[in-house]
Amino acid sequence: MNGKILEIENLTVSFDGFKALNKLNFSLDSGELRVIIGPNGAGKTTFLDIITGKTKPTAGQVRFKGRNLRAYSEHQISQMGVGRKFQTPRVYLNLSPRENLELACNRVKSVWNTLIRRSPIAERRTVGGLLETIGLDHKADMKANLLSHGEKQWLEIGMLVAQSPDLLLVDEPVAGLTDEETERTGDLLLSLAESHSVIVIEHDMEFVRQIAQGQVTVLHQGSVLCEGLFDDVQRDPKVIEVYLGQDAEHVEGTAQDAIRAELAS
Amino acid sequence: MTVQASSERGGIDWVKYRPLLIEAAIVGAIALFLILVLPALLSGFRLTLMGRFLALAIVALGIDLIWGFTGLLSLGHGIFFTLGGYALAMHLKLPQPPGSGLPDFMSLYGVTELPWFWTPFYSFSFTAVAVVVLPALMAGLLGYVIFRNRIRGVYFSILTQAATIIFFNFFNGQQQLFNGTNGLTDFRTVLGQPIQNPGIQTSLYVLTIVFLIVAYALCRWLTSGRFGRLLVAIRDDESRTRFTGYNPTGFKVLVFAISGALAGVAGAMFTLQSGIVSPNTMNIAFSIEMVIWVAVGGRATLVGAILGALIVNFAKSLLSERFPDIWLFFQGGLFLGVVLLLPAGLLGWGRTQGVELYKQLMGQRRVATYPSLEEDPEVEHERKNLGD
């Protein structure tokens, strides 16, 4: 499948007059992995809320595979092929990892099918394979609330894959992970990107460096500030300024250097 | 791996079904005990009470389904319970054969023609269907309106309470249609047999047990498979299920309707055995009592719901005989005690701390690690191979 999987035009979202997103334009090629960065309050999470149908745009439109998403609700958009991973891992804590994955893997999500039909063998095989991929095969049948934070993050990524979406939206997948877990998560995302379109929102610059092979988008105050390769973006004076705040010139030299070092590391 | 292989080949896998067979055997044994042994142990009065409380256990299962598993605290199940009761009572009040007169109370209010909606209740089969379908439809309709608009949590509970008040006032006010606050009582025959006949009363007792078993099996089936796990998922994180591609509305409406149907059956069986149905069972206190039964027994444990209904009601009847003035305090105290000391209910406690206490009493060493460590297969493997 070629062409754009996601196109966003002139998107504005305002909450009581506050514009969380302001005339944002964005597009994603099929099969692309895009990293979105931006300071706090740049509108990153609202951006995902719009794509998944949680929030409706005030103006502008979002097209997924050429279809305007405004008329669809969350579960319909999900069935069209958009999967979302949340910032804090949201797995069903009273179910086991296997049951979590089975729910996500279910192909026909109607009431009747879920009630009457047993999960087909193909789905159970997929679940078994996924449990191995995310390293939870030996903990498949204990309650998910006994898993560690990192394991929950991985389980949620596994649930995302089980849905077999065309577009994966991943919100800060490495928040609270150790360095080793972070690297493994990066590898996992890179291997997923071979067969899916992926949008990753991230703060951790080290991690962005690991996974950003193509374009990086910088959001600021609800709009796209700039787009480009990670190395170019981090040298962009506009980007450095928004990460430093408006009074970049007046900030103490040490602080400025520290942030610059953070961006360049 | 071998289990998986054999189930993939098809054919009946007895190992897999063994727990289910054992459970069926236990249920059967309890039912036989209730039917054959208990009547010899209890006085006639207590046995009648037992029959009524077993009917109440059916509605407790319905509450557990909607509250314990799906997380929707309904404070309006009195509506569905009473609707089931009225549906059956209307049939019992109509003199047979059809057309041979009006229900006795109607003449008191000067009614000369049977209201149109009473007519179908001449038929017993219609009545039997109505006992299940009327409450289910009512619950489904109410649920659809509420859930479609994504009303959740405490707002759902308040709406169900408001609905209870509306129904209570309606039935209370309709003297000509439903005999108002007195309700329908003084039933004489059921299916041509005198209802006070001991044989009939025994059959009603047995029938209640049969319905309770059917209700239990239905709830077990609903809560065990993928559907049941989705209910738990909706309870724990509803919006997450939307992003996984499920529309929770349909699931919640279906469960609420089934739960209403169970309440209807319970109401009908209760009415048959107590000999009266009145708007009293639509007052809010009764609907809250139902929730207390489930809380005491243990949420999200079907057996707990049944036990809770029986324990609380027997406690209530024993205490109200001995301490007629203050027994309400006991009921409040019981609820407070369970909420504060045993938040998971009696059965929930039994499954966790109870087991531990038993082990301790039997001289086993108490586990002193984190629960996750206790269940972690890696830790278990190390313990087995390397020692503690």
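Colleague: Into which domains is chain A divided?
Modeller: In this predicted model, the bounds come from an automatic or database domain assignment. Chain A is divided into domain 2 (93-162) and domain 1 (1-81 + 165-234).

Colleague: What conventions apply to the numbering and the values?
Modeller: Residues are numbered from 1 along each chain as its sequence is written, with chains lettered from A and ligands numbered from 1 in the order written. Local features need pLDDT of at least 70 and side-chain atom pairs pLDDT 80 or more, while totals for chains, interfaces and linings use all residues; side-chain values use heavy atoms, leaving out hydrogens and water.

Colleague: How many residues does domain 2 of chain A give to its contact with domain 1?
Modeller: The centres of the two domains of chain A, taken over C-alpha atoms, are separated by 25 Å. Contact means heavy atoms within 4.5 Å. Domain 1 of chain A contributes 15 residues, and domain 2 of chain A contributes nine residues.

Colleague: How are α3(B) and α13(B) oriented to each other?
Modeller: Helices are DSSP runs (H or I, at least four residues; strands are E, at least two), numbered from the N terminus. Axes are lines fitted to C-alpha atoms over the stretch in contact, with angles from 0 to 180 degrees between N-to-C directions. The axes of α3 (residues 44-69) and α13 (residues 284-297) of chain B come within 9 Å and cross at roughly 80°. Angles under 35 degrees count as roughly parallel, over 145 as roughly antiparallel, 65 to 115 as roughly perpendicular and the rest as oblique, so α3(B) and α13(B) are roughly perpendicular.

Colleague: Which residues of α13(B) make the contact with α3(B)?
Modeller: From α3(B) come L56(B), V59(B), A60(B), I63(B), D64(B) and W67(B). Their partners in α13(B) are F286(B), M290(B), V291(B), W293(B), V294(B) and A295(B).

Colleague: Why are α10(B) and α12(B) described as roughly perpendicular?
Modeller: Helix α10 (residues 226-236) and helix α12 (residues 248-274) of chain B have axes 11 Å apart. They are therefore roughly perpendicular, as they pack at an angle of about 110°.

Colleague: Where does T181(B) lie?
Modeller: T181(B) touches N172(B), S278(B) and P279(B), residues up to four places away in sequence not being counted. T181(B) lies in the loop of chain B between α8 (175-178) and β1 (184-185).
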